[in-house]
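Student: Could you take me slowly through a single part of this structure, the open sheet, and explain each term as you go?

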Amino acid sequence: MNFTKQDLSNIHKFDDDMLKAVIEADNTIDKDLFELADEVRREYYDNKVYLRGLIEYTNYCKNDCYYCGIRCSNKNAKRYRITKDEILDVCKTGYDLGYRTFVLQGGEDSYYTDDMMCDIVSSIREMYEDCAITLSLGERSYESYKAFFDVGANRYLLRHETADNNHYSKLHPDRMSLDNRKKCLYNLKEIGYQVGSGFMVGSPYQTSDNLVSDLRFLQDLQPDMIGIGPFIRHQDTPFRDKENGTMELTLRMIAILRLLFPYSLLPSTTALGTINEGGREAGIKAGANVVMPNLTPIKYRGQYELYDDKIYTGEESAEGRKALEKRLEMIGYRVVTDRGDVNKLK
Ligand code: 5AD
């Protein structure tokens, strides 16, 4: 199937077969697709790129996802936990560097009880009234999510990973379920969080029909943020010999997401920067409008290894912000330090 730029501007009206044809089209489609995505992003967010300071506060995880380097059965992973004081120190450094969103991301680690998380969140909230607090700590009960929200958390990131049950069961052990994941996402919305979901591109066994299901699920959920990145194998997982996802398909999916969710906050992810030098900039050009530099204390940074060769010392690090800013300016974007809340009002 051939698509003109005019056709693609109506992508929100496409049926499943047509969406699949866009996903599978050859690369001649990308110029139009990226241009359209960039136009739509500028309508909603101008040329602004929002910053989130990422704090990977624990790499302990009770889950055993087949793709992930910090899965519990990876005995080679060197585990760490960051204390409340260290987290607050990191926030101070981040604040001074201009970050106005802190993202606390970790494995599913029950060491951090609800009370501990509430204590951490409320301390950050007290000290940094003008900042957004984003949590990303996996599946918890409605009550836990509500408690975190009530003490000051504003946003929550929980990728659905894949919206197809059969595919989900090829990526996760039986004790995890897509239904519960979805339930968590709807709970978070109900509580009042700005919610982020997303999926990996090119994960093992993924088909383009699966990607269409991901888009349809997201249309139902209507998330504020959507995080996607290429699957990258990790040597200590059952998927060590699987093919990596590609930058090309990830960029195309970013552009499609921008067109289907014009208001969304879309990060150009570390995985994209890892798979390809310049991947992050390419993501921004294809419609992404968020970058999440790493604020985790250097001594732990290498240990949050979800996949092989994860980058963490250059422009994706908090310290590399100036360099990142320059590179994005060169391609016509402006890194800003506002909180960068979702713009659904347009
Ligand atoms: N490759 C790419 N992304 C991964 N994630 C976990 N493992 C990998 C991997 N091997 C992603 C998951 C998770 C997010 C924090 O990182 O989508 O939700």
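**The open sheet**

Tutor: Strands (E, at least two residues) and helices (H or I, at least four) are DSSP runs, numbered from the N terminus, and two strands pair if DSSP finds at least two bridges between them. This is a predicted model, in which local features need pLDDT of at least 70 and side-chain atom pairs count only at pLDDT 80 or more, while totals for chains, interfaces and linings use all residues. Residues are numbered from 1 along each chain as its sequence is written.

β5 and β6 belong to an open sheet of 6 strands with parallel pairing, in the order β2-β3-β4-β5-β6-β7. Because β2 (53–58) and β7 (225–230) stand at the edges with a single partner strand each, one side of each is left without a neighbour in the sheet. Neighbouring strands of this sheet are turned by 20° against each other on average, direction ignored; axes are lines fitted to C-alpha atoms, for helices over the stretch in contact, and angles run from 0 to 180 degrees between N-to-C directions. Helix α4 (residues 84–96) lies across β2 and β3 (101–106), running at about 170° to β2, where contact means that the C-beta atoms of two residues, placed from the backbone, lie within 7 Å.

Returning to β5, the loop between β5 and α7 (165–171) holds Glu161, whose phi is near 75°, a positive value in a residue other than glycine.
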